[in-house]
Amino acid sequence: MEKPYVVGIDIGGTNSVFGVVDARGTVLYSGSIKTGKYADINDYVAALAQGLMQVIEQAGGPDKIKGIGVGAPNGNFFNGCIEFAPNLPWKGKIPLAQLISEAVGGIPVALTNDANAAAIGEMTYGAARGMKDFIVITLGTGVGSGIVIGGDLVYGHDGFAGELGHVIMRRNNGRQCGCGRQGCLEAYTSATGVARTAREYLEIRKDESVLRDLDPDEITSKDVYDAAMKNDKIALEIFEATGTMLGEAFADFVAFSSPEAIILFGGLTKAGDLIMNPIKRSMEKNMLKVYAGKTKLLFSQLKESDAAVLGASALGWEVREQNPAVEV
């Protein structure tokens, strides 16, 4: 192989992590910079390019790199732009793929959103190898999704298809979601949603719980997990309620695309069977009969510390010189 490596970049609200990856999905060289440190996009790109060139030189130089893939919030694959991302320092529409490509000497760059990058990563290196129809659900600060049908990622006509975290699960008196609407799946089943459920339960119920020893405003999903592992009744019920709602939603997602598998990715999956068992029960209970027992529920097989970079890097194998992501 003339160009044996790709580069993956995962842009988060706090850190931007990047690495050189080989065809087997091994991250060979990696680095990071602080995303929030750079209020000006040009300063950010300059710092990112400096870090990228360091790892690229370690891998043998630009001639060894086939392409660069970027996963970012509100990343649009069609035009290579980040568009109105609420958790990033730069506002409006930023032609990030083009800026990065120019800063690293013209290496082709493709960009997509972080959940789509996770789906591409699973298909290239992880649990979805060999699958042509599957959905990746990311359970982190928010709830994201990457939908693959017939071997292709679903982008829709505008590049933004696949926001399953924002299907509305509670039409009446639903929780306020960060997107501005009420009752979204994300508001209940993300890591932050689990913490909100804990605060609600502690407020309206009188049962004893180790969670009552904590400052309610500081409770995290990990605190709820730790309590559940001690057989705390309220914590166990929180996971039951969260998994039940996810299962209801997944039954609807199956009716839409009949996936071979739904793959769970992200921090909340560390809860293991605490979250998986109620999802399975609820999904099968709510499933249309023709789909019953046909869709597997799996956890991601990507190594957590490398997962985001791997997912983004998978785009790098496909990017071509004339990719619209790097056109002006």
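Predicted model: local features only at pLDDT ≥ 70, side-chain atom pairs only at ≥ 80, totals over all residues.

A: Let's start with what surrounds the pocket. The second largest pocket has 15 lining residues, and those nearest its centre are F77, I120, Y155, L315 and E318. Its volume comes to about 260 Å³. If you sort the lining by class, you get nine nonpolar residues, three polar and three charged.

Where does that lining come from? Three elements each put in at least two residues: α3 (114-125), β11 (152-153) and α9 (304-316). Of these, α3 gives the largest share, with three residues.

Two of those contributors, α3 and α9, also pack against each other, at an angle of about 80 degrees and with their axes 7 Å apart. That angle makes α3 roughly perpendicular to α9. On the α3 side, the contact is made by A117, I120, G121, T124 and Y125, while α9 brings in L310, G311, A312, S313, A314 and L315. Seven of the residues in this contact are nonpolar and four are polar, with no charged ones. Notice two names that turn up again here: I120 and L315 are among the residues nearest the pocket centre, and both also take part in the contact between α3 and α9.

Now for the other helix pairs, which both involve α7. Helix α6 (residues 221-228) packs on α7 at about 120 degrees, the axes being 7 Å apart, and that makes α6 oblique to α7. The crossing of α6 past α7 is left-handed. Here V224, Y225, A227 and A228 of α6 meet A235, L236, I238 and F239 of α7. By class, this contact has eight nonpolar residues, no polar and no charged ones.

Helix α5 (residues 191-204) packs on α7 (residues 233-257) too, at an angle of about 130 degrees, with 10 Å between the axes. So α5 is likewise oblique to α7, but α5 passes α7 in a right-handed crossing. From α5, the contact takes in V194, T197, A198, Y201 and L202; from α7, it takes in I234, E237, I238, A241 and T242. The class count for this one is seven nonpolar, two polar and one charged.

Definitions and conventions: Residues numbered from 1 in each chain as written. Heavy atoms only, no water. Axes fitted to C-alpha atoms, helices over the stretch in contact; angles between N-to-C directions. Helix = DSSP H or I, 4+ residues; strand = E, 2+ residues; numbered from the N terminus. Parallel < 35°, antiparallel > 145°, perpendicular 65-115°, else oblique. Left-handed = near helix turned anticlockwise from the far one by under 90°. Contact = heavy atoms within 4.5 Å. Nonpolar A, V, L, I, M, F, W, Y, C, P; charged D, E, K, R; others polar. 1 Å grid on protein atoms, 1.4 Å probe; cavity = no way out; pocket = protein on both sides within 12 Å on 5 of 7 lines; lining within 4 Å. Points joined across faces, edges and corners; volume = space filled by probe spheres on them.
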